[in-house]
Amino acid sequence: MSGLADTIRTVRGRAVRCRDTGDGPPVLLLHGIGRTLADFAELHGRFARDHRVISLDLAGHGGSAPLDGPHTLAALARAAADCLDALGVPGPVHLVGNSLGGAVAMRLAVDDPARAASLVLVASAGSAAR
């Protein structure tokens, strides 16, 4: 979908590529392993009609720099939460994750339940187990 602009933000000293559009209840879209936020371009545009939609490249994917330490589910979930903080989204968000993004979304919901308004898993991988 054209017309969606990506930005690079510095979050805790690390470059993060994200797309933040729309207004309304926030939705966070998390892609699968080896993929990018582009996977959700069409869905992003549709949701942005009545939601604030945030897509981001997970750490080490696309335009986002890797983490300094291991890329565990907990670390990826923390990095996603840090991005939400940097974008000024402190409250609950609707979490949508595909594949690895689903496992990250589950982990974020387990580690910080106040952040999760809802959880949508699309062909999700993994579990929230430690």
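1. S99 is placed in strand 5, strands being DSSP runs (E, at least two residues) and helices DSSP runs (H or I, at least four), numbered from the N terminus. Although S99 is not a glycine, its phi is positive, at about 55°. The residue is partly exposed, with a relative accessible area of 23%; buried means under 20%, exposed over 50%, and partly exposed in between (1.4 Å probe, protein chains only).

2. On the basis of the model: this is a predicted model, in which local features need pLDDT of at least 70 and side-chain atom pairs count only at pLDDT 80 or more, while totals for chains, interfaces and linings use all residues. Residues are numbered from 1 along each chain as its sequence is written, and side-chain values use heavy atoms, with hydrogens and water left out.

3. A positive phi is also found at A123, near 45°, again in a residue other than glycine. A123 belongs to strand 6 and counts as exposed at 66% relative accessibility. For context, most residues other than glycine have a negative phi.

4. S124 is likewise found in strand 6 and is partly exposed, at 30% relative accessible area. Leaving aside residues up to four places away in sequence, S124 touches S99, G102, A103 and M106, where contact means heavy atoms within 4.5 Å.

5. Strand 5 (residues 93-99) and strand 6 run parallel and are joined by seven bridges; H94 has S118 as its bridge partner in strand 6.

6. Axes are lines fitted to C-alpha atoms, for helices over the stretch in contact, and angles run from 0 to 180 degrees between N-to-C directions.

7. Helix 2 and helix 3 also pack against each other, at about 75° and with their axes 8 Å apart. Helix 2 is therefore roughly perpendicular to helix 3, a term that covers 65 to 115 degrees. The contact involves L73, A74, L76, A77 and A81 of helix 2 and L100, A103, V104, R107, L108 and D111 of helix 3.

8. The largest nonpolar core has 26 residues, and those with the most contacts inside it are L28, L30, L56, L95 and V104. Such a core is a set of buried Ala, Val, Leu, Ile, Met, Phe, Trp, Tyr and Cys residues joined through side-chain atoms within 4.5 Å. Strands 2, 3, 4 and 5 and helices 2 and 3 each give two or more residues to this core, and helix 2 supplies the largest share, seven residues. A second, separate core of six residues includes V27, L29, V53 and V96.

Notes. Pairing = 2+ DSSP bridges. Parallel < 35°, antiparallel > 145°, perpendicular 65-115°, else oblique.
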